[in-house]
Amino acid sequence: MKLTLIKPNIGRREHSLYVDEARMEPLQLGILAGLTPPEVEVVLYDDRVEKIPYDEPTDLAAITVETFTARRAYEISAGFRKRGAKVVMGGMHAMLLPEEVEEHCDCVIVGDAEPVWKTVIDDFRAGKMKRRYDVVQPLCPQENVFPRRDIFEGKGYLPITLLQFSRGCSHSCQFCASSVYFKARHYCRPVEDVIREIRLQKRKLLFFVDDNIVCSHEKAKELFRALIPLKIHWVSQGSLDMLKDPELMELMVKSGCLGLVIGFESISPECIAQMNKNTNRDGAGSLYAKEIEKLRSWGLQTWAAFTVGHDGDTIESVRATCDFAIRNKFTFAAFNILMPYPNTPLYRKLEREGRLLYGGKWWLDENYRFNYAAIVPKNMTPEELTEISFDCRRRFNSPLSIFLRALEPRTNLRTPYRFMTYLIYNPLFRKEVFKKQGMRFGLESGKKTGEEREKC
Ligand code: B12
Ligand code: SF4
């Protein structure tokens with residue numbers, strides 16, 4: 001039996017290849033490969049860097065689907081099914097909208113793959129694969145399961161190893177898809193499995209793709225203690241409330257943490273309250289002055305994540321958010337438009353209020369473009385929201401801003417290694433900002449729209 005694993009892109013041109021230069025290993029597909037019995041031949045194709053070879057014979061194609069890759073995933077699925085292969089889909093979007101996903105494949109997995117994947121393969125080989133497998137979330141995720149990283153070779157991924165210590169997060173921010181997937185619960189792997197996984201690979205730079213690695217302070221401390229002897233460098237995602245626990249922070253730094261993606265989301269206390277971001281309530285009122293000072297004193301390089309388009313936002317307040325990020329010399333920042341991901345509390349609220357654009361299904365709409373507003377904001381037009389968020393990305397990533405933000409002695413200039421990382425990744429992310437803005441979802445035929453011709 002041959003299994004073909006697919007990571008879809010957001011979109012792509014029919015005859016040319018859009019290459020995502022900041023692409024990282026698709027961890028979920030490494031895990032699927034690791035779970036697959038060894039006698040099954042496994043190949044990976046990543047739509048972000050190569051063409052999908054539909055004519056190469058395969059028995060089963062397994063596609064991972066996020067909301068922003070759903071349209072492209074459905075096209076790829078149709079390509080395989082037309083040639084007689086069966087298709088199984090899973091991932092975030094499959095959990096959020098299984099009925100929609102089921103229409104585009106032969107089998108949908110609703111939840112984590114680990115508890116069911118072997119059964120799916122056995123059922124497939126016996127000719128009795130079901131249309132849908134609903135997974136009961138295991139209390140201990142990925143237990144004794146190790147990804148197969150050989151399938152990533154030659155794909156040009158960034159030289160950083162992705163892995164997880166935990167899944168989910170116990171907070172319930174109104175816009176968060178993960179919080180829906182994991183029903184606001186946090187699940188940890190056994191620390192010894194994580195250590196073994198690190199030892200099984202060669203790199204010293206790791207990215208824990210946890211939703212919130214510090215969700216449980218005690219469990220995080222257990223992990224950090226075990227990481228210290230490994231002498232690695234790592235990055236992850238964490239919430240601001242971690243700063244209240246000096247022991248946690250000390251262990252984090254000792255274990256090799258370089259910095260974290262932190263959801264600042266907004267500098268307005270009103271917006272923080274609206275989105276139910278409890279972890280930020282204390283800081284927002286004082287422009288996170290204490291928190292930023294602590295992050296610097298721990299020497300952490302921060303990737304500040306903001307969402308823009310909340311009911312309390314105005315064009316001026318969004319502009320001020322960008323000024324705040326530049327002034328505080330964050331190493332990186334994201335200014336994401338507030339997106340109504342299906343089945344989130346935010347989606348339902350905006351649906352009730354009649355404020356969803358594209359008939360509520362922006363991810364399927366051929367006119368929707370990446371990083372465009374899909375909601376009617378309160379204090380500006382959707383077009384203004386699209387423009388101001390792009391302006392933030394453009395300004396934060398401008399050469400002048402990159403130069404000014406570099407001059408932060410305790411973080412970006414802390415060591416030659418930190419400075420190098422800063423200098424390599426800032427221009428790379430700047431390039432991606434322009435490449436991704438306005439990208440169509442799914443396959444785009446050779447013809448350009450009027451707007452695109454104008455841009456050329
Ligand atoms: C790491 C990460 C990134 C990395 C990319 C990593 C990579 N490999 O390319 C970076 C930082 C670049 C990134 C960017 C973005 N991300 Co992101 N990211 C994540 C994060 C934190 C972890 C993903 C991960 O690797 N998880 C680990 C794997 C093992 O878990 P998993 O994917 O859930 O897979 C398990 C199951 O779902 C299932 N499964 C998954 N696929 C399949 C397929 C089959 C066939 C089967 C059977 C099972 C199965 O089994 C797996 C093992 O149990 C998630 C949060 C999350 N919890 O998923 C957000 C998340 C996926 N990202 C999100 C978003 C919105 C984005 C951006 C669009 C943000 C933006 N506006 O720019 C961009 C788009 C990137 C792009 N393509 O250009 C949202 C997606 C929401 C949605 N509804 O789709 C998430 C869920 C965050 C959130 N809290 O809402 N992201
Ligand atoms: S803290 Fe982060 S991961 Fe947790 S619910 Fe909020 S946005 Fe989601």
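Contact here means heavy atoms within 4.5 Å, while helices (H or I, at least four residues) and strands (E, at least two) are DSSP runs, numbered from the N terminus. These legends describe a predicted model, where local features need pLDDT of at least 70, side-chain atom pairs count only at pLDDT 80 or more, and totals for chains, interfaces and linings use all residues. Residues are numbered from 1 along each chain as its sequence is written, and side-chain values use heavy atoms, with hydrogens and water left out.

**View 1. Helix 1 and its cover.** Helix 1 spans residues 27-35 and is mostly covered. Seven of its nine residues are buried (under 20% relative accessible area, 1.4 Å probe, protein chains only). Among them are Leu27, Gly30, Ile31 and Leu35. The cover over the buried residues includes strand 1 (2-7), strand 3 (41-46), helix 5 (117-125) and strand 8 (161-163).

**View 2. Gln201 in its loop.** Look for Gln201 between helix 7 (191-199) and strand 11 (205-208). Gln201 is buried, at a relative accessible area of 13%. Its side chain makes a polar contact of 2.8 Å with the side chain of Thr161 (a pair of N or O atoms within 3.5 Å, one able to donate a hydrogen and the other to accept it; residues adjacent in sequence count only if both atoms are side-chain atoms). A polar atom of the Gln201 side chain also lies 3.0 Å from the backbone oxygen of Arg203. Setting aside neighbours within four places in sequence, Gln201 is in contact with Arg149, Thr161 and Leu206.

Note on methods. Chains are lettered from A and ligands numbered from 1 in the order in which they are written. Buried means under 20% relative accessible area, exposed over 50%, partly exposed in between (1.4 Å probe, protein chains only).
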